[in-house]
Amino acid sequence: MPVKEAGPGQRAGTRRPTSPGLIALILGVPVAPAAVLVAVILSVSGSRPASPATGQPQPGVNSLGAANPDVDPGTNLPGTVAPGFTLTDQFGAPVSLRQFRGKAVVIAFVDSRCANVCPLTTWSMTQAVSMLGPAAARNIQLLGIDANPDAIRVADVRAYSQAHQMLGAWHFLTGSPAQLAAVWRAYHMYVAASHGNIDHQPAVYLIDPTGRERTLYLTQMAYASAGQQAELIAGGLSRLLPGHPAVRGGVPMTLARTIGPGELASLPVIGGDRAAGQVLLGRGHAHVVVFLASWVSELSDLPGELRVLADYQREALRRGWPTVVAIDESQTETAPGALSLPLAQAGGGSLGYPVAADVSGRLADGYGVQDLPWIEVTSASGQILYRHDGWLPAASLARAAASAAARPAG
């Protein structure tokens, strides 16, 4: 059985939500207290999101939730006026919901230090706008509302925006604890903090140009479905815009086939040791596989951690331990090539190991990645021998890899 360890100083994050109670509350459907309690317990436990228990799925996708549980087809809302608020954005400026009347507004509840589902939310938001084209984008406003009660400074929302290349793409809003709590209540958001761990519902609301709530989406913790979720959000926005602009660059809505460690996979090398244009993972290839993205620099010294992996790589080559393959989780990179700068700062080609790209997200889903960075030691037989959430010192990584290498094959 693989060993799962929590990283020291583990970052706040959001677990998989299940929230039929949220949908019912928004729609004004009476919900028994016991039902609300069950919904909250499921949300905290990190269960797979369930299809909404009430409300109407988006037209044309009635069966999508059952056919593909890794996307939320969206739930139509009754068109009540969206609760107003005035908060502070990443530049320290006051921003109110009312000032965007006349535009379609996307409101997402995002943990300013999240390293799991929130980057999928923000990527799908920006990608949805891109799918509608620049003319439509002028009539769309993206808003984020901080859902981390332990990180509510302007510096926190600015750091997230900068790390995700979104400084000019949205307003990421924060405020005092009382101000944020009032907005969370108004939008029926469950937000909780305990010992540095943050739980909240990764909700995305579409508000029409008259200021009324029209659609609710819940982001799922699945990398390969991010493009599908973006297309669904783009379709929801199109219905709110003049002329209903066409959605470009659509993707199939079928459930993506994941690629696990027991399957052979070839990934394109984008940095580090470029001796081979492709890197092979899976059976026959024991590796220390490190899933990462450029934006983890918000939470750690990414160039420094890449150099730590280089230190381990030199020792691994000398001792015959599993060698490093770093994998950029491209489905969460808002800007193409964003990893190139931290790679250059780390020494680029002198790292001694390849940096590959998981352009589809199917590998991350197949390896069970729930956070970034995420480290796994795999055997030549295609087993995961060790898994760790977060960075590791070179000595700890060496101990884990040496122990894994010493295990009998099978």
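A cavity is defined, on a 1 Å grid over the protein atoms alone, as a set of points where a 1.4 Å probe fits but cannot get out, and its lining residues have an atom within 4 Å of a point. The model is predicted, with local features requiring pLDDT of at least 70 and side-chain atom pairs pLDDT 80 or more, whereas totals for chains, interfaces and linings use all residues. Residues are numbered from 1 along each chain as its sequence is written, and side-chain values use heavy atoms, leaving out hydrogens and water.

The structure contains 2 cavities of 30 Å³ or more, a volume being the space filled by probe spheres set on the points, which are joined across faces, edges and corners. The largest has a volume of about 40 Å³, and its lining comprises D70, L120, S124, T219, Q220, A222, S225, A226 and Q229.

Strands β9 (residues 191-194) and β10 (residues 197-200) run antiparallel and are joined by 4 bridges; pairing requires at least two bridges found by DSSP. S194 has N197 of β10 as its bridge partner. The hairpin has 2 residues between the strands, and H195 adopts a positive phi near 55 degrees.

Methods
On a 1 Å grid over the protein atoms alone, a cavity is a set of points where a 1.4 Å probe fits but cannot get out, and a pocket is an open set with protein on both sides within 12 Å along at least five of seven lines; lining residues have an atom within 4 Å of a point.
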